[in-house]
There are 2 protein chains.
Amino acid sequence: MFNSDSLGINNEGNLTIGNLDTVLLAKKYQTPLYVMDEDMIRHICRIYKNSIDEFYKGHGLILYASKALSFKHIYSVAKEEGLGVDVVSGGELYTALSAGFPADKIYFHGNNKTYDEIKMAVDSGVGHLVVDNDYELTLIDEICQKENKTMDILFRIKPGIDAHTHDFVKTGQIDAKFGVALENGEAEAIIKHAMQIKTVRVTGVHCHIGSQIFDIEPFKLAASVMLNFMADIKDKYGLELKELNLGGGYGIIYTDGDDPIEYHEYIKAVSQVVYETCEERNFPVPFILMEPGRSLVGASGITLYTVGDVKDIKDIKKYVFVDGGMGDNPRFILYESKYNALIANKATKDRSEVVTIAGKCCESGDVLAKDIAIQQAEPGDTLAVLATGAYNYSMASNYNRIPRPPIVMVSNGQDKLVVKRETYADLMKNDLD
Amino acid sequence: MFNSDSLGINNEGNLTIGNLDTVLLAKKYQTPLYVMDEDMIRHICRIYKNSIDEFYKGHGLILYASKALSFKHIYSVAKEEGLGVDVVSGGELYTALSAGFPADKIYFHGNNKTYDEIKMAVDSGVGHLVVDNDYELTLIDEICQKENKTMDILFRIKPGIDAHTHDFVKTGQIDAKFGVALENGEAEAIIKHAMQIKTVRVTGVHCHIGSQIFDIEPFKLAASVMLNFMADIKDKYGLELKELNLGGGYGIIYTDGDDPIEYHEYIKAVSQVVYETCEERNFPVPFILMEPGRSLVGASGITLYTVGDVKDIKDIKKYVFVDGGMGDNPRFILYESKYNALIANKATKDRSEVVTIAGKCCESGDVLAKDIAIQQAEPGDTLAVLATGAYNYSMASNYNRIPRPPIVMVSNGQDKLVVKRETYADLMKNDLD
């Protein structure tokens with residue numbers, strides 16, 4: 001019925017998350033409100049971590065891809081669960097460090113890191129930079145020379161596999177802004193270049209083949225392609241790359257049609273390819289990195305709204321208006337992403353109406369779900385949109401100068417505010433006369 | 001050559017805005033950076049205001065549609081130029097009031113104003129609420145009764161005209177989240193209802209037929225439809241609506257293909273329809289309101305970036321990476337909006353390269369312009385994207401935890417910081433442990 005075990009229905013007929021009544025949470029914290037099940041996030045962390053232990057004999061590390069959802073407390077959770085993190089900006093790095101996250105377990109990504117960001121990474125002792133291009137390599141060298149430091153780096157490689165939700169292609173991705181391609185020799189050339197630079201040590205390679213993927217094959221293929229490349233580099237240049245970062249992209253359930261692979265099944269299947277390929281190529285099994293983001297936090301989060309007007313345009317369409325919208329969840333207007341939603345205070349009732357859920361933004365595209373079956377909505381109802389844990393808060397804007405909602409974490413039957421609601425004064429904090 | 005008279009090229013061959021060197025501005029304030037020509041904004045304000053004087057004998061008011069770009073200083077400009085403003089949220093209202101904007105010249109819009117927002121509007125003496133639906137009407141009545149106040153209201157009407165950039169349809173728009181439709185009797189019904197409510201006085205009606213419109217005909221048609229409706233209401237119910245709010249939607253030049261109407265020509269043409277229709281229907285010429293947003297600020301703004309890596313994927317594509325992207329300008333990823341751009345420090349050079357300008361966000365769709373001809377780009381160049389004054393800062397996010405750029409206003413050859421750059425600490429201001 002729901003996309004996650006974290007959700008249920010209590011005796012009052014209200015939707016629960018982590019056994020807490022969402023209607024009471026909406027009253028306590030007001031709406032719109034993000035609620036996350038911390039226990040579920042930790043549970044998924046452990047599935048990933050245990051799989052590394054089981055299928056790679058512990059020779060690997062799960063990096064939380066923090067672009068999915070970045071705020072101080074999430075880094076404490078990742079730290080406590082023994083994960084590393086990947087960051088993609090100075091802002092994410094700053095937040096991770098502020099939470100006391102160990103710098104040496106941070107991997108810094110991005111296609112266009114600025115000089116200041118690279119300097120910040122070098123200064124703060126970030127463990128690895130995942131280098132995108134040759135220009136970045138020269139910046140790193142320049143900064144490391146100035147500061148008399150060295151840096152461990154991986155290279156972001158385009159393996160020629162482009163995977164989408166239900167499909168993938170074997171060649172593709174070369175026309176992408178990220179990384180260097182295998183097929184035209186860019187990847188080999190940049191590694192050759194890096195081998196001549198004394199301030200960097202090339203520890204490995206990274207690939208990321210797509211997002212919200214439900215198929216195991218492209219991941220297996222990517223592992224094989226990357227390992228063969230690593231073996232080629234060793235054969236050709238004598239350089240033994242010790243780390244293979246397989247990126248993220250594991251799908252979650254947004255709506256009933258979604259059928260993601262179990263994460264440990266994915267890791268098991270890929271590990272077989274890794275061991276087989278290493279044996280074939282007589283290459284030592286590298287340290288394995290993975291970067292789940294959405295799959296760690298996406299299904300663990302919901303957004304609660306209060307219903308305002310229900311606009312029934314006779315014989316045309318029924319709109320249910322909520323007190324948030326594209327500001328707190330821009331994924332429909334960006335990608336027409338589909339979500340499951342329900343009236344939290346009528347969770348046991350039939351989904352008897354097909355409606356369009358629209359936000360309060362002054363923008364006609366401000367919609368959260370189109371033609372979705374939900375319970376009969378009335379003003380004052382609490383509406384829950386499910387699986388909003390990833391790429392909602394992180395992509396939120398203040399469009400129409402609407403404050404961003406707070407985040408409440410639920411754990412062991414207790415709720416805890418981890419990000420406060422923005423105030424109107426917050427919106428003006430940088431405005432001068 | 002440029003989309004506005006505000007832009008030029010100086011003796012150093014650098015792009016100027018309001019006669020100031022953009023390369024020096026980029027150095028002084030760092031990048032990414034929004035720069036606005038305040039003198040140009042004021043000039044356009046006066047074109048609109050003078051047109052009201054000339055074509056409506058001063059019997060009207062220009063409302064700045066602040067959703068296009070809302071921050072404290074812009075309300076001071078609007079106030080000094082004698083404009084009213086429209087706001088669409090408590091946050092915009094708060095900002096306008098903080099700037100000392102007179103509440104009685106504020107019109108409050110929105111399809112789903114919350115109880116708190118309506119209360120805030122009533123308490124602060126906002127001049128008019130533009131009511132979207134019947135539920136809102138009951139909320140207003142409830143609040144006004146409690147506080148023993150009355151409120152002037154307009155109704156948002158769907159006139160059955162749906163205009164797009166180069167096209168419009170005469171029936172349409174009924175399936176839209178905003179307002180009440182004429183064609184199915186909703187509009188008439190809500191006015192009848194409001195006439196029975198003692199706490200509100202219906203002063204007029206409002207319509208908005210689209211955005212970035214280049215054609216004068218749909219505006220003329222809308223005026224005619226709305227006035228005939230007002231005359232019908234008078235004939236049927238004896239209620240003389242005194243205000244006609246014709247909304248916004250006037251196009252600006254983003255790229256060379258755009259050819260907007262001159263704003264005074266539009267106002268002149270529509271005023272003829274207004275006077276003719278009023279005479280035909282024996283209806284007194286109403287007070288005319290218009291709500292330009294984009295056309296007041298859009299072409300007056302540019303965004304300056306610094307070029308990072310230039311990624312030449314041989315025989316495939318050349319990417320120019322900049323230090324901003326979808327975070328500060330989400331209009332390409334949202335709508336594939338087209339922009340003009342150039343290398344500010346090579347403004348006199350030939351546009352010899354066709355490139356894709358991509359941002360630094362960890363998102364493959366993070367692009368600012370696809371296949372655009374610009375001067376040959378190198379790391380460290382200053383890249384200017386033009387006509388970013390509207391719906392850039394207002395829609396900006398912190399995706400990837402990238403701070404939002406500052407806004408610098410240029411006036412009389414002087415630059416002035418009006419919105420400070422966000423800091424990493426700002427991003428964490430609401431994060432709890």
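Biologist: In what order do the 3 strands of the open sheet in chain B run, and is the pairing parallel or antiparallel?

Modeller: Quick reminder before we start: this is a predicted model. The general idea is that strands of a sheet pair through backbone hydrogen bonds, in either a parallel or an antiparallel sense. In chain B the order is S1-S2-S3, and the pairing is antiparallel. Strand S1 (7–9) and strand S3 (20–21) of chain B sit at the edges with a single partner strand each, so one side of each has no neighbour in the sheet.

Biologist: How many bridges join S2 and S3 of chain B?

Modeller: Strand S2 (residues 15–17) of chain B is joined to S3(B) by 2 bridges. Pick out Ile17(B) and you'll find that its bridge partner in S3(B) is Leu20(B).

Biologist: And what is the strand order in the open sheet of chain A?

Modeller: Chain A has an open sheet of 3 strands, ordered S1-S2-S3 with antiparallel pairing. There, S1(A) pairs with strand S2 (residues 15–17) of chain A over 3 bridges. For one pair to look at, take Leu7(A), whose bridge partner in S2(A) is Ile17(A).

Biologist: Let's go to the interface. What area is buried between chain B and chain A?

Modeller: The size of an interface is often given as the accessible area lost when the parts come together. Here that comes to about 7100 Å², with carbon and sulfur atoms giving 54% of it. In terms of contacts, 84 residues of chain B touch 84 residues of chain A.

Biologist: What rotation superposes chain B on chain A?

Modeller: A rotation of 180 degrees, with 0.0 Å of shift along the axis and an RMSD of 0.0 Å. That is the relation of a two-fold axis. The C-alpha of chain B nearest the axis belongs to Ser397(B), 2.2 Å away from it. Both copies use the same surface, with 100% of the contact residues of chain B recurring in chain A.

Biologist: Now the backbone. Which peptide bond is cis in chain A, with omega about -10 degrees?

Modeller: Most residues other than glycine have a negative phi, and most peptide bonds are trans. In chain A, the bond joining Thr31(A) and Pro32(A) is cis. Pro32(A) is in the loop between helix H1 (22–29) and strand S4 (33–37) of chain A. In chain B, the bond from Thr31(B) to Pro32(B) is cis, with omega near -10 degrees.

Biologist: Which residue has a positive phi although it is not a glycine?

Modeller: Gln212(A) does, at about 50 degrees. You'll find Gln212(A) in the loop between strand S13 (200–206) and helix H8 (217–237) of chain A.

Technical notes
Residues numbered from 1 in each chain as written. Chains lettered and ligands numbered in written order. Predicted model: local features only at pLDDT ≥ 70, side-chain atom pairs only at ≥ 80, totals over all residues. Heavy atoms only, no water. Contact = heavy atoms within 4.5 Å. Buried area = accessible area lost by both parts, 1.4 Å probe. Least-squares fit on C-alpha atoms with pLDDT ≥ 70 in both. Pairing = 2+ DSSP bridges. Helix = DSSP H or I, 4+ residues; strand = E, 2+ residues; numbered from the N terminus.
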